[in-house]
Amino acid sequence: CGGGILAEAAARAGAEVTGIDANRPLIDTAKLHAAANGVHVRYETTQVADYAAGHPGEFDIVSCMELLEHVPDPGALLADCLRTLKPGGILVVSTINRTLPAYAGAVVAAEYVLRLLPRGTHDYGRFIRPSELARMARAAGAKLAAASGLRYLPVIDSAELCASLKVNYIATLTHAVGTVTGPGLEHPAGRAAGPATGQVSG
């Protein structure tokens, strides 16, 4: 959830959205922002594991953005997120690759040069290679279906998808047979995703 930016965008696009975060002040901020903008999102302050235990098989799409590289056991977090998916649902995650370009961009540039983030935000040792993410998915009974790079453009304060996975990347994971053909949120058969969307903190 974080401050609710992605949750609100999904709700505006027509999804029925639940956003969770373990940080109550962030949830309070997200609730205030949604109310001020007339957007309906159901927010809860809870841990992912606790929420997954009470809501198995509930969502068509779950997103876990910029969180895996900050937790001590990303494989367990991934498994908890996957547990909340309906059959045929997809999990969308974004994280940072463990490469020298990623260290230069996400740590040196973002934290020390441009000062976009507080120093110490990232621990390079916790960055996750796509191959490692794929292994975590397999251990949880799922598969990495597709991945695309993410590139930040500081001059215009924007971001875009790109082919390179060397720094930031976004990936889709699924239990379903077949593959998701790109970073977009579609089911394997090409059917538009259903209304229930979950977003965890990150």
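Which residues form a nonpolar patch on the surface? The patch consists of Y103, V108, Y112, V113, L114, L116, L117 and Y152, with about 710 Å² of accessible area together.

This is a predicted model, in which local features need pLDDT of at least 70, side-chain atom pairs count only at pLDDT 80 or more, and totals for chains, interfaces and linings use all residues. Residues are numbered from 1 along each chain as its sequence is written, and side-chain values use heavy atoms, with hydrogens and water left out.

**The surface patch**

Patch members have over 30% relative accessible area and no salt bridge, and their nonpolar side chains (Val, Leu, Ile, Met, Phe, Trp, Tyr) are joined within 5 Å. A salt bridge is a side-chain nitrogen of Lys or Arg within 4 Å of a carboxyl oxygen of Asp or Glu. Accessible areas come from the Shrake-Rupley method with a 1.4 Å probe, and for residues only the protein chains shown count as cover. Helix α5 (residues 100–113) gives the most to the patch, with 4 residues. Helices (H or I, at least four residues) and strands (E, at least two) are DSSP runs, numbered from the N terminus. L117, another member of the patch, lies in the loop between α5 and α6 (130–139).

Of the 12 residues of strand β4 (residues 85–96), 10 are buried, that is, under 20% relative accessible area.

From β3 the chain passes through helix α4 (residues 74–83) to β4, a right-handed β-α-β crossover. Right-handed means that, with the strands pointing away from the viewer, the path from the first strand over the helix to the second runs clockwise. The buried residues of α4 are P74, L77, L78, D80, C81 and L82. Their cover includes α3 (48–54), β3, β4, α6 and β7, where contact means heavy atoms within 4.5 Å.

**Loop residues with positive phi**

E66, in the loop between β3 and α4, has a positive phi near 55 degrees although it is not glycine. R115, in the loop between α5 and α6, likewise is a residue other than glycine with a positive phi near 55 degrees. E66 is partly exposed at 28% relative accessibility, whereas R115 is exposed, with a relative accessible area of 63%; exposed means over 50%, and partly exposed lies between the buried and exposed limits.

Notes. Patches are made of residues with over 30% relative accessible area and no salt bridge: like charges are joined within 9 Å, nonpolar side chains (Val, Leu, Ile, Met, Phe, Trp, Tyr) within 5 Å. Buried means under 20% relative accessible area, exposed over 50%, partly exposed in between (1.4 Å probe, protein chains only).
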